[in-house]
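User: Hi! Could you walk me through the packing of aromatic and nonpolar side chains in this one?
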Amino acid sequence: MKKIVIASVLFSMLAFPVYAQTMDLAGGITEEPENSPQETTEVQKEDEQLADDRGIFSFLNFSFIKKAVSSDEDKEKLPEQEAKPNEPQETPLQKLHRTAEEGNLSSQLSLGYMYLYGTDGVQSDYGKAFKYYEMAANQNNKIALNNLGSLYFSGIGTERNYLKAAQMFAKAAELGSDDAAVNLAFIYLSSDNKENMSAAVKLFEQAAAIGNNTARFMLGYAYYKGFQLPQDYRKAVELMKIAADAQLDEAQYVLGLMYMNGQGITKNYGNAVKFMELAAKQGNIAAMMQLADILAQGTMYPRNLLQAHVFYNVASVYGAKGAAEKRDALEQSLKIEEILPAQSAAEKFKAQPSELTTYVRQTFGNNIRSYIDENLK
């Protein structure tokens, strides 16, 4: 099974970043403007300064995650080399290089990955990684196009170029890459151009239809909020359930809210707490706070001040607003022999995010709802 790159960056759980950018990427996807060398350098410096000052485009960086994904290219076999007497046999790496230069797509993808991460006895070389992904992208391979877009986006092995990144994602999405569709959708949501918002939702629809659970959540949340779509709680619940079953923490949290408020589904406080707990155990701070409020109030679920104290205490470590104050207020109703075990439980708490939750956080941040929420203001 061939390993391919997934664009990602490790976000701190102490913050929930929201990204905004001033460039109109949508306008240049089909045709890239030509700049003089001086203009190009100035634009690049401006982009770099924006990234430094505002934290934009921090996702889609390769430094922290690898993922193995099967593809049709995995099934391709390298051409057999005819053995010749008294001639040294080429090594597997030499064979990869030879066949890649001859145009073998599987070899190009393999070398791109190997040079990017320094695997299989190859030292990391971003320039060579870019070279081989570009060769594969020139064959209109959707995996290579998506990965090349991420390299352009992060400035790995090449100069950072957001416009080319968007172009690569667009081509890959047209070829059916759900990852590229999601990447491009988040770029659109990060822009200041409101015309891009509709395109973002359409890309989520495309990726969700393929089976991408990040896209399913974002599409469900768009229905939940009435963002670029008529508000429809029933459709939101349908999509949210699928993403929650895939163990995406934000989907579990939102589904918990919908059960709690009876939005698109029968009101059920037990299920609300169930999904809040699932999200909280993954380290979702919003779920921790909501769950602690429910347990502290005891109006819709049996009161449990000890558990509420634990969740407020853990949430306070991550800087959740009001968590420390609510924790301290609860202590007025607890005995010291109750407080000490609660404090110990909070200290021992360790978030256990799922693979999907980890990927989403590393790639797009801890609160992807904010990409829609900020565009509703």
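Analyst: Happy to. Keep in mind that this is a predicted model.

User: Nice. How are the rings of F217 and Y221 arranged, stacked or edge-to-face?
Analyst: They are stacked, with 5.9 Å from centre to centre and 20° between the planes.

User: And where do F217 and Y221 sit?
Analyst: Both are in helix α9, which covers residues 213–225. They are four residues apart, or about one turn of that helix.

User: Switching to the core: how many residues does the largest nonpolar one have, and which have the most contacts inside it?
Analyst: That core has 112 residues, and L189, F204, F217 and M218 are the ones with the most contacts inside it. As general background, nonpolar side chains tend to be buried together in soluble globular proteins.

User: What does F204 touch, leaving out residues up to four places away in sequence?
Analyst: V182, A185, F186, L189, A215, M218 and L219. F204 also belongs to a cluster linked by ring pairs, together with F186, F364 and Y371.

User: How many aromatic pairs are there by the ring-centre rule?
Analyst: The count is eleven. One example is Y113 with Y117: the ring centres are 4.8 Å apart and the planes meet at 50°, which falls between the 30 and 60 degree limits, so this pair is tilted.

User: Are Y113 and Y117 buried or exposed?
Analyst: Both are buried. They belong to helix α3 (residues 105–117), and because they are four residues apart there, about one helical turn separates them.

Conventions. Residues numbered from 1 in each chain as written. Predicted model: local features only at pLDDT ≥ 70, side-chain atom pairs only at ≥ 80, totals over all residues. Heavy atoms only, no water. Core = buried A, V, L, I, M, F, W, Y, C linked by side-chain atoms within 4.5 Å. Buried < 20%, exposed > 50% of the residue type's maximum accessible area, 1.4 Å probe, protein only. Contact = heavy atoms within 4.5 Å. Phe/Tyr/Trp six-rings, centres within 6.5 Å; stacked < 30°, edge-to-face > 60°. Helix = DSSP H or I, 4+ residues; strand = E, 2+ residues; numbered from the N terminus.
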